[in-house]
Amino acid sequence: MIVLFWDIDGTLLTTGKAGVPAWEQAVSEIVQRDFQLSSFRVAGLTDYQIAVRTFEMLDVPADEATIRRMVSRYEALLPTELPKKQGRVLPNVREILEHMRGRPDVRSYLLTGNTRGGARAKLTHYDLFHYFIDGAFAEDAGNRATIATRALAMARAAGPIAEDRVFVVGDTPHDIECANAIGARTVAVATGGYTREELESHRPWLAFDELPSAEEFARLIDGARLSDGMA
């Protein structure tokens, strides 16, 4: 069984920055402070890591309960903000997911720094949620590689997988690190916050300016073998 783990933001879709007003409003409500999310690079960070960094930059002490309240409020605000922005599904994504869904030897999961609620809101709005069996999500401010470890364990629990046919599709160096942590290959795509050159410096298995056609994507993963070497 081939396993595909998919990142969301910058890989599957862009929300047109719908998360920014949701996040900034949540900050204002929880700690009564104004904050500009653009003040640091968030691409590849989990929602909980962004919360920790937000409070650090505001010099506001925040315990775990406050961080969870912050993230929960953001989740609640996100569905209202998504329709206000001109986001989109990224090139070839829907075609690839549709093609893979028709194959009995492929399973697609989410592997994302979003929380489960945030992921559901985004994917439901862009009509992508039904392509995924399940996923591994941010549950705390821990290292993103722990999400990858949970994702692989989940895939294995669902049935036998081809250990040399596990792929992480993502748009940041953090996704490449996740793949390396579980011995997977990364298909890196420069449709998010990093250029192709930046991604290639982290030695993914493959890197693209945008995802290839569904047919080409299938050809590439079908042609992958353990003897190809891992990046």
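A cavity is a set of grid points, laid over the protein atoms alone, where a 1.4 Å probe fits but cannot get out, and a lining residue has an atom within 4 Å of such a point. The model described here is predicted.

## Cavity and pocket

By this rule, one cavity of 30 Å³ or more is counted. The space in the largest cavity comes to about 30 Å³. Its lining is made up of T46, A138, E139, D140, G142, N143, T146, I147 and R150.

An open space is also found in the model: the largest pocket, with a volume of about 820 Å³. The lining of this pocket consists of 34 residues, of which D9, T15, K17, V42 and A43 are the closest to its centre. Two or more lining residues come from each of the elements β2 (13-14), α1 and α2. The most is given by α1, which supplies four residues to the lining of the largest pocket.

## Helix α3 and its surroundings

Helix α3 covers residues 64-81, a run of 18 residues. From its first C-alpha to its last, α3 reaches 26 Å, which is close to the 26 Å expected at 1.5 Å a residue. The buried residues of α3 are T66, I67, M70, V71, Y74, L77, L78 and E81. These buried residues pack against three helices, namely α1 (19-31), α2 (47-57) and α5 (116-125).

F55 is found in helix α2, and it counts as buried because its relative accessibility is 3%. Apart from its neighbours within four places in sequence, F55 is in contact with V31, V60, A62, T66, I67 and M70. The C-alpha atoms of F55 and R33 are separated by 10.0 Å, while the two residues are 22 residues apart along the chain.

E64 also lies in helix α3. Is E64 buried or exposed? With a relative accessibility of 52%, E64 counts as exposed. The C-alpha atoms of E64 and F167 are 32 Å apart, and 103 residues separate the two along the chain.

## Aromatic pairs and charges over rings

A search of the whole structure finds five aromatic pairs. Two of them are set out in the table below.

| Aromatic pair | Centre to centre | Angle between planes | Arrangement |
|---|---|---|---|
| F5 and Y109 | 5.8 Å | 40° | tilted |
| F167 and W205 | 5.4 Å | 50° | tilted |

The pair of F5 and Y109 links distant parts of the chain, since F5 belongs to strand β1 (residues 2-6) and Y109 to strand β4 (residues 106-111), 104 residues apart. F5 counts as buried because its relative accessibility is 0%. Y109 likewise counts as buried, at 1% relative accessibility.

In the pair of F167 and W205, the rings are 5.4 Å apart from centre to centre. F167 lies in strand β6 (residues 166-170) and W205 in the loop between α8 (196-200) and β8 (206-208), so this pair ties together parts that are 38 residues apart in sequence. F167 is buried, with a relative accessible area of 0%. Why does W205 count as buried? Its relative accessibility is 19%, and the cut-off for buried is under 20%.

The ring of W205 also has a charged neighbour: the charged end of R185 sits over this ring, 5.5 Å from its centre. In another such arrangement, R53 lies over the face of F40, at 5.8 Å from the ring centre.

## Residues with a positive phi

Most residues other than glycine have a negative phi. Which residues have a positive phi of about 55° although they are not glycines? Q32 is one of them, and D59 is another.

Q32 is placed in the loop between α1 and α2. It counts as exposed because its relative accessibility is 59%. D59, for its part, is placed in the loop between α2 and α3. At 69% relative accessibility, D59 counts as exposed too.

How values were computed
Residues are numbered from 1 along each chain as its sequence is written. This is a predicted model: local features need pLDDT of at least 70, side-chain atom pairs count only at pLDDT 80 or more; totals for chains, interfaces and linings use all residues. Side-chain values use heavy atoms; hydrogens and water are left out. The expected span of a helix is 1.5 Å times one less than its number of residues. Buried means under 20% relative accessible area, exposed over 50%, partly exposed in between (1.4 Å probe, protein chains only). Contact means heavy atoms within 4.5 Å. Rings of Phe, Tyr and Trp (its six-membered ring) pair if their centres lie within 6.5 Å; planes under 30 degrees apart count as stacked, over 60 as edge-to-face and the rest as tilted. A charge sits over a ring if NZ of Lys or CZ of Arg is within 6 Å of the ring centre and within 35 degrees of the ring normal. On a 1 Å grid over the protein atoms alone, a cavity is a set of points where a 1.4 Å probe fits but cannot get out, and a pocket is an open set with protein on both sides within 12 Å along at least five of seven lines; lining residues have an atom within 4 Å of a point. Grid points are joined across faces, edges and corners, and a volume is the space filled by probe spheres set on the points.
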